[in-house]
Each structure stands twice: as C-alpha cells, then as structure tokens.
Amino acid sequence: MTWRAFITLVLAFLGVAGLMLFVNGSGPHAETSSWVQTNGKAPTATKKAQQRQARSNSTSSHEKKAPGKKSEPATGAAPKAGGNDAAYFAYDQGQFITALKLAQEAADKGDPAAHTLIGRIYAEGRGVPRDLQQSAKWYARGAELGDINAVFAYGLILAEGRGIDKDRSKAAELFEKAALTGHPSANYNLGLLFLSGKGKPENHYRAAQHIAYAAEKGVAAAQYDLAGLYQNGTGVPNDAVQASKWLSRAAEAGMAAAQFEYGVMLLRGLG
C-alpha cells in the first residue's frame, strides 16, 4: 500500500467513525455527569476564546439576555464576602484553615457569601475532612440569605444527591432563581432539566433557550450540547452550520471531545 493510499484510508475511517460519534454521541445529556460547576476547574481556554469571553461579559445593548430576564445579566462571578475579601484571598492562596476561620467570622455576622465559601471548603475537603452534609448545610443557609452562588451550588447538590436526598424539582427551582440573575451555568443546568423532563416538564424549546444563553456566555459544555441540538434539530432548526460553529467554540475552550469531533467535521467538510 502506498503512503497516499494509507493516508486516504485513515482519513476515510476517521470520517465515518467520527461522524457516527457526532451524530449519536454528542447530543445533550442530562445526567449528573453533565452538571456544570462554576467552582470546578475549567479547561484552559485559548487566547482567542478568552477574548471572546471577555467581550461576552462586557455590557452591550445587543447582549443576549437570560430567558425571562428583564435587566442586564450578571457574569456569575463569585462575590466577595461583605466587601471584605480576606477569606477569599486566603482561599486563593491555599491557606484554607485561615480562609475557613475568616469565613466563619463573617458568617457569624450574617454574611451570605461567607456561608457559600464555607460550603465550598467542606465540599472540596480543603484543610478539613470532606463533608458533603456540612457542605449542603452551609450552601442551604447561604441560599436562604440570598447569595446566588449558594443558590446555584445548593441546586447542584440537590440535582446530584450529594450529602442529601436527590430532589430534581427543588434543584430546578434553585437553578431557575439563579438563571434569572443571568448565571450562565444555572441556565445551562436548567436547560438540561427541561431537556430530560426531570424536575421540569420536558420542553425542548425552553431547553434550547437556556443552553444557548449559557453557550453565548462561554460555558463549553453548553456550546458542545448546543452543537448537538442543532445537529439533531432538537428545540432548534436542524442546522449543520450552527452545529459546526458551536462545536468549534467548545473545541477552542479546551473540551477534548469537542476538539476531536470538530476535527472530524473539518476532515469531512461538514457544516
């Protein structure tokens, strides 16, 4: 077999295998492996993707709004405790015991975001034994006090059943509350619930709205799933060009599955 024939055979194999993967395996999924956590470590984005994200976070009269939101959406960035970021600074520096002590002092004064940080410390086991029940308790209190990041985090715990009983309906309420503030990942996870019909009535159109909003805000998993929605015509028109566009953005953001599937699309000239 000549070198050229071998390359042709490999490309043909990748094209067929990859196309099947994209059609059958890249559609949105709504189980716990899909939940996006803003506190988790995200893939490192390329410079181009970072620039796009910076543009999407800037205030613009043409900026896409969260479904049902009347005012400009928030970026979803974690707030500092009561204007005093000492606990967060200590956390970022890896001084977790100090961060916990400072956060507890702020929490005793009723600071909502301090409760959220304590919940995160227990959830991740930073400087203390990992304790999902304690994490749920602190997130729940932070949510009661109105911290949107706590609202979102507690929704995740309920959706996954981590440390407490799983309750998708309650999780949906919390995701919706956070989504209305413009929280990108809350919009994405709410979209997953609409997509699966678990916690929300199955509604592919509403699912696509929320997932599209999160995709516009730079959530790689949402970009990847939005590509699947366009590929399959789920809640949106079947559109190979849009599928390619969103798959490329997820690939730029560092998602390995998207990078592979987008490479296959380029080889095959799809979209």
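How many salt bridges does the count come to by the rule used here? Eight. The rule: a side-chain nitrogen of Lys or Arg within 4 Å of a carboxyl oxygen of Asp or Glu.

Ground rules, quickly. This is a predicted model, where local features need pLDDT of at least 70, side-chain atom pairs count only at pLDDT 80 or more, and totals for chains, interfaces and linings use all residues. Residues are numbered from 1 along each chain as its sequence is written, and side-chain values use heavy atoms, with hydrogens and water left out.

Now some of the bridges. Take Arg141 and Glu144. Their closest N and O atoms are 3.1 Å apart. Both sit in helix 6, residues 132–144. Helices here are DSSP runs of H or I, at least four residues, numbered from the N terminus. Arg141 is partly exposed, at 39% relative accessible area. Glu144, at 60%, counts as exposed. The cut-offs: buried is under 20%, exposed is over 50%, partly exposed is in between, with a 1.4 Å probe and protein chains only.

Next, Glu124 and Arg126. Again a salt bridge, with the closest N and O atoms 3.1 Å apart. Glu124 is partly exposed at 27%. Arg126 is partly exposed too, at 35%.

Then Glu176 and Arg206. N to O is 3.8 Å. This pair links distant parts of the chain: Glu176 lies in helix 8 (residues 168–179), Arg206 in helix 10, 30 residues apart. Glu176 is partly exposed at 25%, and Arg206 is partly exposed at 27%. One more item on bridges: shared partners join Arg120, Glu124 and Arg126 into one network.

That brings us to helix 10 and its packing. Two packed helices are described by the angle between their axes and the distance between the axes. Helix 10 (residues 204–216) packs with helix 11 (residues 220–232) at about 135°, axes 8 Å apart. Axes are lines fitted to C-alpha atoms over the stretch in contact, and angles run from 0 to 180 degrees between N-to-C directions. The two helices are therefore oblique to each other. Under 35 degrees would be roughly parallel, over 145 roughly antiparallel, 65 to 115 roughly perpendicular, and the rest is oblique.

Who makes the contact, meaning heavy atoms within 4.5 Å? From helix 10: Ala208, Ile211, Ala212, Ala214 and Ala215. From helix 11: Ala222, Gln223, Asp225, Leu226 and Leu229.

Technical notes: Contact means heavy atoms within 4.5 Å.
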